[in-house]
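Please keep the sequence and the model at hand while reading.

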Amino acid sequence: MTAEIASDAGAVGRRPVEETAGELRPPPWLGKRRRRPATSLALRLSVPLALLVAWWWGASSGRIPPDVLTGPGAVLSALRELASTGQLADYVLASARRAALGVLVGCGAGLVLGAAAGLSALGEELIDLTLQMKRAVPFLALVPLFISWFGVGETFKVALIAVAASAPMYAYVYLGVRSVDRKVVEAARGFGLRGARLAVAVVLPSALPSVLMALRISLSVSLTGLIAAEQLGATEGIGYLVTLAQQYYRNDYMVLCILIYALLGLLIDLAIRGLERLATPWRGQVTAR
(Lines give C-alpha, C1' and ligand atoms only; values in the text may rest on other atoms or scores of the structure.)
Protein backbone atom coordinates (compact mmCIF):
# COMPACT_ATOMS: atom_id res chain seq x y z
CA MET A 1 0.00 0.00 0.00
CA THR A 2 2.83 2.35 0.86
CA ALA A 3 4.58 1.46 -2.40
CA GLU A 4 1.42 2.24 -4.43
CA ILE A 5 1.04 5.62 -2.72
CA ALA A 6 4.69 6.43 -3.35
CA SER A 7 4.29 5.35 -6.98
CA ASP A 8 1.21 7.54 -7.42
CA ALA A 9 2.98 10.47 -5.73
CA GLY A 10 5.97 10.05 -8.01
CA ALA A 11 3.70 9.98 -11.05
CA VAL A 12 1.93 13.12 -9.87
CA GLY A 13 5.28 14.82 -9.30
CA ARG A 14 6.58 13.83 -12.70
CA ARG A 15 3.49 14.73 -14.71
CA PRO A 16 3.92 18.54 -14.70
CA VAL A 17 7.56 18.16 -15.64
CA GLU A 18 6.76 15.83 -18.52
CA GLU A 19 3.92 18.05 -19.72
CA THR A 20 6.07 21.16 -19.44
CA ALA A 21 8.89 19.45 -21.30
CA GLY A 22 6.49 18.46 -24.04
CA GLU A 23 5.36 22.09 -24.47
CA LEU A 24 8.87 23.49 -24.90
CA ARG A 25 9.62 24.92 -28.29
CA PRO A 26 12.99 25.70 -29.84
CA PRO A 27 13.88 29.38 -29.55
CA PRO A 28 13.42 31.50 -32.67
CA TRP A 29 16.46 32.18 -34.79
CA LEU A 30 18.15 35.26 -33.42
CA GLY A 31 20.46 35.89 -36.32
CA LYS A 32 20.32 38.80 -38.73
CA ARG A 33 17.68 38.45 -41.43
CA ARG A 34 18.31 40.74 -44.36
CA ARG A 35 16.13 41.28 -47.35
CA ARG A 36 17.43 40.51 -50.77
CA PRO A 37 19.32 43.47 -52.28
CA ALA A 38 16.86 43.70 -55.17
CA THR A 39 13.88 43.80 -52.80
CA SER A 40 15.52 46.37 -50.56
CA LEU A 41 16.42 48.57 -53.54
CA ALA A 42 12.89 48.32 -54.92
CA LEU A 43 11.41 49.39 -51.59
CA ARG A 44 13.80 52.33 -51.32
CA LEU A 45 12.99 53.53 -54.82
CA SER A 46 9.24 52.96 -54.64
CA VAL A 47 8.27 56.26 -53.00
CA PRO A 48 10.57 58.53 -55.12
CA LEU A 49 9.38 56.80 -58.28
CA ALA A 50 5.76 57.19 -57.22
CA LEU A 51 6.33 60.91 -56.66
CA LEU A 52 8.04 61.19 -60.06
CA VAL A 53 5.14 59.43 -61.81
CA ALA A 54 2.61 61.66 -60.03
CA TRP A 55 4.61 64.74 -61.05
CA TRP A 56 4.84 63.61 -64.68
CA TRP A 57 1.15 62.73 -64.82
CA GLY A 58 0.04 66.00 -63.22
CA ALA A 59 2.19 68.09 -65.57
CA SER A 60 1.24 66.20 -68.74
CA SER A 61 -2.48 66.17 -67.93
CA GLY A 62 -2.54 69.88 -67.12
CA ARG A 63 -3.70 69.36 -63.55
CA ILE A 64 -0.47 71.07 -62.38
CA PRO A 65 -0.08 74.43 -64.20
CA PRO A 66 3.43 75.14 -65.56
CA ASP A 67 3.64 78.40 -63.61
CA VAL A 68 3.10 76.44 -60.39
CA LEU A 69 5.39 73.48 -61.08
CA THR A 70 7.04 72.93 -64.43
CA GLY A 71 7.03 69.44 -65.89
CA PRO A 72 9.88 66.90 -66.02
CA GLY A 73 10.41 67.53 -69.74
CA ALA A 74 11.13 71.23 -69.23
CA VAL A 75 13.49 70.42 -66.36
CA LEU A 76 15.41 67.97 -68.54
CA SER A 77 15.67 70.63 -71.25
CA ALA A 78 17.08 73.09 -68.71
CA LEU A 79 19.56 70.45 -67.56
CA ARG A 80 20.75 69.83 -71.12
CA GLU A 81 21.01 73.58 -71.72
CA LEU A 82 23.23 74.18 -68.69
CA ALA A 83 25.28 71.04 -69.25
CA SER A 84 26.00 71.94 -72.89
CA THR A 85 27.41 75.35 -71.91
CA GLY A 86 29.49 73.92 -69.06
CA GLN A 87 27.86 76.21 -66.51
CA LEU A 88 26.27 73.39 -64.54
CA ALA A 89 29.59 71.70 -63.78
CA ASP A 90 31.19 75.02 -62.83
CA TYR A 91 28.32 75.94 -60.50
CA VAL A 92 28.24 72.53 -58.82
CA LEU A 93 32.02 72.54 -58.28
CA ALA A 94 31.91 76.06 -56.83
CA SER A 95 29.18 75.11 -54.38
CA ALA A 96 30.94 71.85 -53.46
CA ARG A 97 34.20 73.72 -52.78
CA ARG A 98 32.51 76.21 -50.47
CA ALA A 99 30.52 73.54 -48.66
CA ALA A 100 33.55 71.29 -48.19
CA LEU A 101 35.70 74.05 -46.74
CA GLY A 102 32.93 75.30 -44.45
CA VAL A 103 32.08 71.81 -43.22
CA LEU A 104 35.75 71.04 -42.60
CA VAL A 105 36.18 74.13 -40.43
CA GLY A 106 32.82 73.90 -38.66
CA CYS A 107 32.84 70.15 -38.00
CA GLY A 108 36.46 70.28 -36.89
CA ALA A 109 35.71 73.02 -34.37
CA GLY A 110 32.54 71.28 -33.18
CA LEU A 111 34.38 67.97 -32.76
CA VAL A 112 37.20 69.49 -30.70
CA LEU A 113 34.89 71.59 -28.52
CA GLY A 114 32.40 68.76 -27.98
CA ALA A 115 35.16 66.35 -26.98
CA ALA A 116 36.71 68.91 -24.64
CA ALA A 117 33.39 69.68 -22.95
CA GLY A 118 32.48 66.02 -22.67
CA LEU A 119 35.82 64.80 -21.34
CA SER A 120 36.60 67.50 -18.83
CA ALA A 121 34.53 69.17 -16.13
CA LEU A 122 36.60 72.32 -16.61
CA GLY A 123 36.01 72.17 -20.35
CA GLU A 124 32.26 71.84 -19.81
CA GLU A 125 32.23 74.82 -17.45
CA LEU A 126 34.17 76.97 -19.90
CA ILE A 127 32.57 75.88 -23.18
CA ASP A 128 29.10 74.39 -22.79
CA LEU A 129 27.12 77.45 -21.68
CA THR A 130 28.54 79.62 -24.47
CA LEU A 131 27.95 76.95 -27.12
CA GLN A 132 24.40 76.34 -25.94
CA MET A 133 23.70 80.06 -26.24
CA LYS A 134 25.23 80.11 -29.70
CA ARG A 135 23.25 77.01 -30.74
CA ALA A 136 20.00 78.76 -29.76
CA VAL A 137 20.75 81.61 -32.18
CA PRO A 138 19.66 80.79 -35.78
CA PHE A 139 22.72 81.03 -38.01
CA LEU A 140 20.71 83.03 -40.56
CA ALA A 141 20.44 85.79 -37.96
CA LEU A 142 24.22 86.15 -38.21
CA VAL A 143 24.15 87.03 -41.92
CA PRO A 144 24.06 90.85 -41.48
CA LEU A 145 26.80 90.71 -38.86
CA PHE A 146 29.02 88.50 -41.01
CA ILE A 147 28.50 90.79 -43.99
CA SER A 148 29.69 93.75 -41.92
CA TRP A 149 32.74 91.74 -40.84
CA PHE A 150 33.73 89.88 -44.01
CA GLY A 151 31.84 91.56 -46.83
CA VAL A 152 30.09 89.30 -49.33
CA GLY A 153 33.17 87.45 -50.57
CA GLU A 154 34.22 83.84 -50.11
CA THR A 155 35.19 84.35 -46.46
CA PHE A 156 31.60 85.28 -45.59
CA LYS A 157 30.22 82.21 -47.34
CA VAL A 158 32.66 79.76 -45.75
CA ALA A 159 32.17 81.30 -42.29
CA LEU A 160 28.37 81.03 -42.52
CA ILE A 161 28.54 77.39 -43.59
CA ALA A 162 31.03 76.64 -40.82
CA VAL A 163 28.80 78.19 -38.17
CA ALA A 164 25.82 76.20 -39.47
CA ALA A 165 27.76 72.92 -39.39
CA SER A 166 29.43 73.39 -36.00
CA ALA A 167 26.30 73.43 -33.79
CA PRO A 168 25.00 69.88 -34.44
CA MET A 169 28.53 68.49 -34.41
CA TYR A 170 29.20 69.95 -30.97
CA ALA A 171 25.87 68.79 -29.51
CA TYR A 172 26.12 65.19 -30.72
CA VAL A 173 29.79 64.77 -29.88
CA TYR A 174 29.24 66.17 -26.39
CA LEU A 175 26.34 63.77 -25.76
CA GLY A 176 28.22 60.87 -27.33
CA VAL A 177 31.27 61.40 -25.14
CA ARG A 178 29.12 61.75 -22.02
CA SER A 179 27.33 58.49 -22.91
CA VAL A 180 30.51 56.38 -22.97
CA ASP A 181 30.42 53.63 -20.36
CA ARG A 182 32.39 54.74 -17.32
CA LYS A 183 33.59 51.19 -16.71
CA VAL A 184 35.30 51.16 -20.10
CA VAL A 185 37.09 54.40 -19.28
CA GLU A 186 38.16 53.10 -15.87
CA ALA A 187 39.46 49.88 -17.44
CA ALA A 188 41.47 51.89 -19.96
CA ARG A 189 42.93 53.99 -17.17
CA GLY A 190 43.90 50.77 -15.43
CA PHE A 191 46.04 49.94 -18.47
CA GLY A 192 47.78 53.31 -18.18
CA LEU A 193 45.89 55.38 -20.75
CA ARG A 194 45.61 59.03 -19.84
CA GLY A 195 44.81 62.36 -21.45
CA ALA A 196 44.91 62.53 -25.24
CA ARG A 197 45.68 58.82 -25.61
CA LEU A 198 42.57 57.91 -23.61
CA ALA A 199 40.40 60.27 -25.68
CA VAL A 200 41.71 59.09 -29.06
CA ALA A 201 41.96 55.36 -28.31
CA VAL A 202 38.88 54.78 -26.15
CA VAL A 203 36.42 57.66 -25.76
CA LEU A 204 36.06 58.87 -29.34
CA PRO A 205 35.79 55.34 -30.84
CA SER A 206 33.07 54.57 -28.28
CA ALA A 207 31.27 57.77 -29.25
CA LEU A 208 31.73 57.09 -32.98
CA PRO A 209 28.01 56.43 -33.72
CA SER A 210 27.15 59.86 -32.31
CA VAL A 211 30.00 61.45 -34.28
CA LEU A 212 28.74 59.91 -37.53
CA MET A 213 25.19 61.04 -36.81
CA ALA A 214 26.54 64.52 -36.10
CA LEU A 215 28.40 64.47 -39.42
CA ARG A 216 25.26 63.49 -41.29
CA ILE A 217 23.20 66.27 -39.74
CA SER A 218 25.99 68.82 -40.10
CA LEU A 219 26.33 68.10 -43.81
CA SER A 220 22.58 68.46 -44.29
CA VAL A 221 22.46 71.74 -42.38
CA SER A 222 25.47 73.01 -44.33
CA LEU A 223 23.37 72.88 -47.52
CA THR A 224 20.99 75.38 -45.93
CA GLY A 225 23.93 77.62 -45.07
CA LEU A 226 25.22 77.21 -48.62
CA ILE A 227 21.92 78.36 -50.11
CA ALA A 228 21.81 81.41 -47.83
CA ALA A 229 25.46 82.27 -48.51
CA GLU A 230 25.17 82.04 -52.29
CA GLN A 231 22.14 84.33 -52.40
CA LEU A 232 24.41 87.33 -51.69
CA GLY A 233 27.32 88.53 -53.77
CA ALA A 234 27.88 85.26 -55.62
CA THR A 235 28.69 84.97 -59.32
CA GLU A 236 28.70 81.18 -59.43
CA GLY A 237 27.16 78.32 -57.52
CA ILE A 238 23.80 76.60 -57.28
CA GLY A 239 22.42 79.34 -55.02
CA TYR A 240 23.44 81.92 -57.62
CA LEU A 241 21.57 79.89 -60.23
CA VAL A 242 18.47 80.00 -58.01
CA THR A 243 18.76 83.78 -57.85
CA LEU A 244 19.01 84.02 -61.64
CA ALA A 245 16.01 81.73 -62.06
CA GLN A 246 13.99 83.93 -59.72
CA GLN A 247 14.97 87.11 -61.54
CA TYR A 248 14.12 85.74 -64.99
CA TYR A 249 11.08 83.71 -63.88
CA ARG A 250 12.63 80.41 -64.98
CA ASN A 251 10.55 77.89 -63.11
CA ASP A 252 12.41 75.05 -64.80
CA TYR A 253 15.74 76.30 -63.42
CA MET A 254 14.27 76.58 -59.92
CA VAL A 255 13.02 73.00 -59.96
CA LEU A 256 16.33 71.83 -61.39
CA CYS A 257 18.23 73.48 -58.53
CA ILE A 258 15.91 71.83 -56.00
CA LEU A 259 16.58 68.44 -57.59
CA ILE A 260 20.34 69.09 -57.54
CA TYR A 261 20.19 69.89 -53.82
CA ALA A 262 18.13 66.74 -53.24
CA LEU A 263 20.68 64.68 -55.18
CA LEU A 264 23.55 66.18 -53.19
CA GLY A 265 21.75 65.36 -49.96
CA LEU A 266 21.19 61.78 -51.13
CA LEU A 267 24.85 61.33 -52.06
CA ILE A 268 25.93 62.73 -48.68
CA ASP A 269 23.60 60.37 -46.85
CA LEU A 270 24.81 57.35 -48.85
CA ALA A 271 28.43 58.26 -48.17
CA ILE A 272 27.83 58.57 -44.43
CA ARG A 273 25.88 55.30 -44.37
CA GLY A 274 28.75 53.52 -46.10
CA LEU A 275 31.24 55.00 -43.66
CA GLU A 276 28.98 53.98 -40.77
CA ARG A 277 28.82 50.37 -41.97
CA LEU A 278 32.59 50.21 -42.24
CA ALA A 279 33.32 51.93 -38.93
CA THR A 280 30.53 50.43 -36.81
CA PRO A 281 29.62 47.02 -38.28
CA TRP A 282 28.04 45.84 -35.00
CA ARG A 283 25.17 48.34 -35.28
CA GLY A 284 23.57 46.39 -38.11
CA GLN A 285 22.82 43.52 -35.73
CA VAL A 286 20.14 45.52 -33.91
CA THR A 287 18.21 46.51 -37.04
CA ALA A 288 14.81 44.86 -37.36
CA ARG A 289 14.15 43.37 -40.78
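Glu 236 has a relative accessible area of 28% and is partly exposed, where buried means under 20% relative accessible area, exposed over 50%, and partly exposed in between, with a 1.4 Å probe and protein chains only. The model is predicted, so that local features need pLDDT of at least 70 and side-chain atom pairs count only at pLDDT 80 or more, while totals for chains, interfaces and linings use all residues. Residues are numbered from 1 along each chain as its sequence is written, and side-chain values use heavy atoms, with hydrogens and water left out.

Arg 97 forms a salt bridge with Glu 236, their closest N and O atoms lying 3.6 Å apart; the term requires a side-chain nitrogen of Lys or Arg within 4 Å of a carboxyl oxygen of Asp or Glu. This pair links distant parts of the chain, 139 residues apart, with Arg 97 in helix H4 (residues 87-119) and Glu 236 in the loop between helix H10 (208-230) and helix H11 (238-247). Helices are DSSP runs (H or I, at least four residues), numbered from the N terminus. Arg 97 is itself partly exposed, at 47% relative accessibility.

## Pairs involving helix H10

Glu 230 and Arg 98 meet through their side chains in a salt bridge of 2.8 Å, N to O. Here helix H10 contributes Glu 230 and helix H4 contributes Arg 98, 132 residues apart, and both residues are buried.

Arg 216 forms a salt bridge with Asp 269, with 3.4 Å between the closest N and O atoms.

Technical notes:
Helix = DSSP H or I, 4+ residues; strand = E, 2+ residues; numbered from the N terminus.
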